[in-house]
Amino acid sequence: MMLLSDTSTQWLEIPDAIHAQSWQQSQFISIPGNRWQAYLNQVCLQTILLWLQDKSTIEPIVDSMNSLAFWEIVNGIAIVLGTTRLIVIPTEAMDRNEFRVPQEWVDIPSWAGDYYLAVEVDPDEQCLNVWGYATHQMLKSDGNYDASDRTYYLDGERVIQDLTVFWVMQQLSEASTRAIIPPLPALNSGQAELLLQQLGDGAIAIPRSEIPFVQWGALLEQNRWLEQLCQLRQNRVNTTSPVNLSQWWQNVFEAGWQAIEDLLAPQPNLAFSFRQGESTQQQVRRVKQIQLGDQFPAVLLVMILEIEANERTRIWVQIHPQSGETYLPANLRLEQLSIGGEVLQSVQAGDASNYIQLRRFKSSPGTQFRLQVAIADTFTYEDFIV
């Protein structure tokens with residue numbers, strides 16, 4: 001673990017392997033904001049663990065709730081260091097004016113910690129800064145509660161920024177760190193099942209704001225219901241196998257992929273934009289209807305494949321409006337991503353676009369990539385293997 005400074009706060013380098021692995025794992029989360037939150041938590045957890053192992057003679061234990069699915073719904077990390085429970089709150093904002101902690105970590109009795117670490121994460125520079133800490137007692141007595149985002153916050157000057165004090169205080173078992181937390185009202189199984197069905201919908205970006213906190217907190221406090229909620233949301237995102245393009249040459253197509261003539265009426269854009277001039281190559285041409293939620297009309301994802309002499313595949317991709325629509329929704333995006341989540345190319349519809357198209361690209365056998373169709377905060381994707 002490389003320490004980037006030797007001040008009272010602590011700058012830590014994020015190792016390349018942790019950065020790459022955390023980013024790749026987070027790509028399986030469909031909602032962009034939740035995906036980014038999961039990445040920040042994962043990269044923070046792995047880096048902080050290395051730091052704690054270096055600084056303490058006690059082996060840190062990661063709470064079982066820490067997972068990508070969990071970080072979709074709540075920001076924060078729980079780590080046990082001996083008899084001390086640490087709550088790590090990562091944020092990308094480089095702002096020390098205040099320290100915000102989600103209410104779950106303060107008002108759910110079994111979740112509360114002794115010490116809360118404020119961590120800035122800088123993904124571009126691949127480093128993070130443990131810039132201060134507070135106790136549970138401080139958050140409850142000196143902090144303010146913001147009902148708009150259900151967080152407790154301390155003004156920056158009230159956060160203890162000298163971490164040498166933290167290392168001394170967390171070893172003093174007689175130190176008072178926690179305020180009294182009233183118990184949450186219990187839910188019965190019927191109530192819990194109804195809430196799980198409602199909040200398990202993967203299209204709900206922020207389930208923690210959908211119901212009153214007393215219900216939300218009571219649901220999360222029971223491990224079996226928390227696990228069910230994470231599992232439901234995880235199962236309701238795109239977890240299908242990648243589309244195998246090599247099988248298209250044997251006329252084997254995955255469900256939903258149809259002949260172009262079945263869904264797309266003949267039109268000049270399709271005839272001339274994929275290739276200039278006549279093609280002498282054998283082609284496979286397929287189209288699939290893509291639905292982006294109830295508020296947007298369905299669109300058509302069109303793909304054309306050709307094989308080169310060296311067995312690489314040339315690929316053209318377009319988005320067209322469905323039959324009966326003249327234009328695509330304004331600001332609709334079509335993106336090609338690597339399997340690790342890097343955007344390789346992107347194109348966006350204007351106010352009167354009757355189709356959009358990626359630049360032609362080539363892929364070797366075995367290559368994987370993702371096509372993503374998005375508008376505003378709504379998107380869907382399809383994975384492919386050549």
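The structure holds 18 aromatic pairs, where rings of Phe, Tyr and Trp (its six-membered ring) pair if their centres lie within 6.5 Å. Planes under 30 degrees apart count as stacked, over 60 as edge-to-face and the rest as tilted. This is a predicted model, in which local features need pLDDT of at least 70, side-chain atom pairs count only at pLDDT 80 or more, and totals for chains, interfaces and linings use all residues. Residues are numbered from 1 along each chain as its sequence is written, and side-chain values use heavy atoms, leaving out hydrogens and water.

Here are two of the pairs.

| Pair | Geometry | Centre to centre | Angle between planes |
|---|---|---|---|
| Trp51 and Trp167 | edge-to-face | 5.5 Å | 65° |
| Tyr115 and Phe166 | edge-to-face | 5.4 Å | 85° |

Both tie helix α6 to something far off in the chain. Trp51 in helix α2 (residues 32-55) and Trp167 in helix α6 (residues 163-169) are 116 residues apart, while Tyr115 in strand β6 (residues 115-122) and Phe166 in α6 are 51 residues apart. Helices (H or I, at least four residues) and strands (E, at least two) are DSSP runs, numbered from the N terminus. Trp51 and Trp167 are buried, meaning under 20% relative accessible area with a 1.4 Å probe and protein chains only. Tyr115 is buried at 3%, and Phe166 is buried at 0%.

The largest one has 71 residues, with Ile48 and Trp105 making the most contacts inside it; α2 gives the largest share, 10 residues. A second, separate core of 28 residues includes Met303, Val317, Leu334 and Phe384. Phe384 also belongs to an aromatic cluster with Trp248, Phe253, Trp257, Phe361 and Phe369.

Phe253 has a charged neighbour too: the charged end of Arg286 sits over its ring, 3.7 Å from the centre. That label needs NZ of Lys or CZ of Arg within 6 Å of the ring centre and within 35 degrees of the ring normal. Arg100 does likewise over Tyr153, at 4.5 Å from the ring centre.

Definitions and conventions
Buried means under 20% relative accessible area, exposed over 50%, partly exposed in between (1.4 Å probe, protein chains only). A nonpolar core is a set of buried Ala, Val, Leu, Ile, Met, Phe, Trp, Tyr and Cys residues joined through side-chain atoms within 4.5 Å.
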